[in-house]
Amino acid sequence: MDVIFEWFRVLYQETGINLPFLYDEYDRNRMVDGFLTTIRLSLVCLFFSVIIGVTGAWLQGSAFKWTRRIVNGYIQLFRNTPPLVQLYFFYFAIGTLLPRVENDWGGQSPILGSFAWAAISLSFFAGAFNVEIFRSGIEAVPRSTVEAAEALGFSKLQIYRDITLPLAFRVVLPALNNNLVNLVKTTTLAYAIAVPEMLYEANQIWSDNVNVTEMMIFLLLAYFVLVGVLVGAMNRWERAMKIPGYG
Amino acid sequence: MRYKTDLPVMLPVSKPEPEPLGGLRAWHILPLALLAIFGPSLAFAQSGEGVLSPLAVLLNWAPLLLKGFIFNLVISVSAMALGTVVGAILGLGQISLIPAVRSGSWFVTQFFRNAPWLVLLFFAMFLLPFEIDLFGLKIPFPDWLKAILGLSLPVMANVSEIVRGAVRSLPSGQWEAAESLAYTRLQTLWLIILPQCVKRMLPPWMNLYSILTMATVLASIVGVSEVMTLTGQALASEGGRPELLAPFYGFVLLLFFVYCYPIARFTVRLEKKFAVIG
């Protein structure tokens, strides 16, 4: 492995193509950390946005007018405002209103860090889209199936959990995957509040080494591969979950 | 919508819905948003003598922020125009008969679609020169122009996919009928296929515009002085008072909401109108 890494140092000396995240151990660790942070942030947001989507879609079917209205207000507000401004609003406006706690060094630090706020804000953003996606899937489940379940004595929650949702899930999978891929791309916004993800670490490296071009091209390729792998996996999953004769 | 079939398996069930977006009207959001913006500032109402209330400060800065917002709109419209033109060519390249053109435009489309918007913006910002030397004439290449170019890259890729999808969605009978009437491929495309596609492309295209408008704030990260940058500067010049943060960021949210929500509503209406039944 070291031989390959050293080769890139030679490459830099010979040609001037500087890829310090390969031959320099410190920069390599930074880049790997950034990559892992991107993955971690994506997974956390993925998880919570799907939870928000499922719950929101369930609340939208509620009998109370105001529950539906509040969920709709949430969707429209988060869909029609820039995610970056939402992120700033959460991090700066709401973050400063929360109480501060004492950290290990005796100083004052906010109760939630930038990673947590990025996760919260992006989950809410992607969740707003997921609610609509899940709702469209639930509407595609025929009324007669739900009626049959009611006749068999299922409760409202059981019907949603065991009958409507599994069927709806297969219908919405393409739209859901689309949104989740978008979410992974949106995690770059966390750069703005200094979450050490891939873009942020790449920025640190090019600030230290003045190799903007190489880092930029590497970054584009890295995201291209990351998202490409995700899209490929999602497409396979879609094919595996497909209901024959529908959609 | 009424479907005629003897196999009623998993058909879209149409609920009797009086309003498409379920009960919430546009004006309902206004009191909620105002509460969200000014609620926190009321909590800090005990400001001392000589200090303007958050609302008054916001009103002072509002004209400047509005100017910044208009600049955002200019960026969005220019990037959309540029992206649409290049994207349409790329999309037609994707259905070209020449394999090299087809796979080339496919790759370009996928590449720019899979890259995050912010990374593309950084790409345009840092790798384009700040001035172009054209026959000894130095043409400056300002930040905002680079931002427009950077934002039009993902737009281009998305428009390309929209065009390809719309052409693919037309029944192949259209092509065959045109061929039998001795239209050339160019004529078929220009006179028969594309006019039918416009209707199908309009809703996703408007969606894309809305997304682009919301992405223009990304330009603040790379230092274009649009509404988000100006907000940050306004907050700094007011001495970074914490009670100002919520009203200011809330105001920016509101600006974008007021602009994008009608577009979203109109898109839904168009989708309903153009929906093909049966």
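Trainee: Which UniProt annotation covers residues 69-264 of chain B?
Mentor: The record, an unreviewed entry, gives "domain: ABC transmembrane type-1" for that span; UniProt positions follow the numbering used here, feature names are shortened, and annotations may be inferred rather than shown by experiment. This is a predicted model, in which local features need pLDDT of at least 70 and side-chain atom pairs count only at pLDDT 80 or more, whereas totals for chains, interfaces and linings use all residues. Residues are numbered from 1 along each chain as its sequence is written, chains are lettered from A and ligands numbered from 1 in the order in which they are written, and side-chain values use heavy atoms, with hydrogens and water left out. Residues 69-264 of chain B are 79% helix and 4% strand, with end C-alpha atoms 19 Å apart; helices (H or I, at least four residues) and strands (E, at least two) are DSSP runs, numbered from the N terminus.

Trainee: How many helices and strands has chain B?
Mentor: Chain B has nine helices and two strands, in the order α-α-α-α-β-β-α-α-α-α-α along the sequence. Of its 278 residues, 44% are buried (buried is under 20% relative accessible area, exposed over 50%, partly exposed in between, with a 1.4 Å probe and protein chains only).

Trainee: At what angle do helix 5 of chain A and helix 9 of chain B pack?
Mentor: Two packed helices are described by the angle between their axes and the distance between the axes. Helix 5 (residues 83-97) of chain A and helix 9 (residues 242-274) of chain B pack at about 165 degrees, with axes 9 Å apart; axes are lines fitted to C-alpha atoms, for helices over the stretch in contact, and angles run from 0 to 180 degrees between N-to-C directions. The two helices are therefore roughly antiparallel (under 35 degrees is roughly parallel, over 145 roughly antiparallel, 65 to 115 roughly perpendicular and the rest oblique). Among the residues making this contact are A:Phe89 and A:Phe92 of helix 5 of chain A and B:Tyr249 and B:Leu253 of helix 9 of chain B, contact meaning heavy atoms within 4.5 Å.

Trainee: How do helix 3 and helix 8 of chain A cross?
Mentor: The axes of helix 3 (residues 25-60) and helix 8 (residues 156-186) of chain A come within 10 Å and cross at roughly 135 degrees. That makes helix 3 of chain A oblique to helix 8 of chain A. Their contact includes A:Trp58 of helix 3 and A:Tyr160 of helix 8.

Trainee: Is A:Asn211 buried or exposed?
Mentor: A:Asn211 counts as buried, at 2% relative accessibility. A:Asn211 lies in the loop between helix 9 (198-209) and helix 10 (212-241) of chain A. Leaving aside residues up to four places away in sequence, A:Asn211 touches A:Asn18, A:Pro20, A:Ile205 and A:Trp206. A:Pro20 is 191 residues from A:Asn211 along the chain, yet their C-alpha atoms are separated by 8.9 Å.
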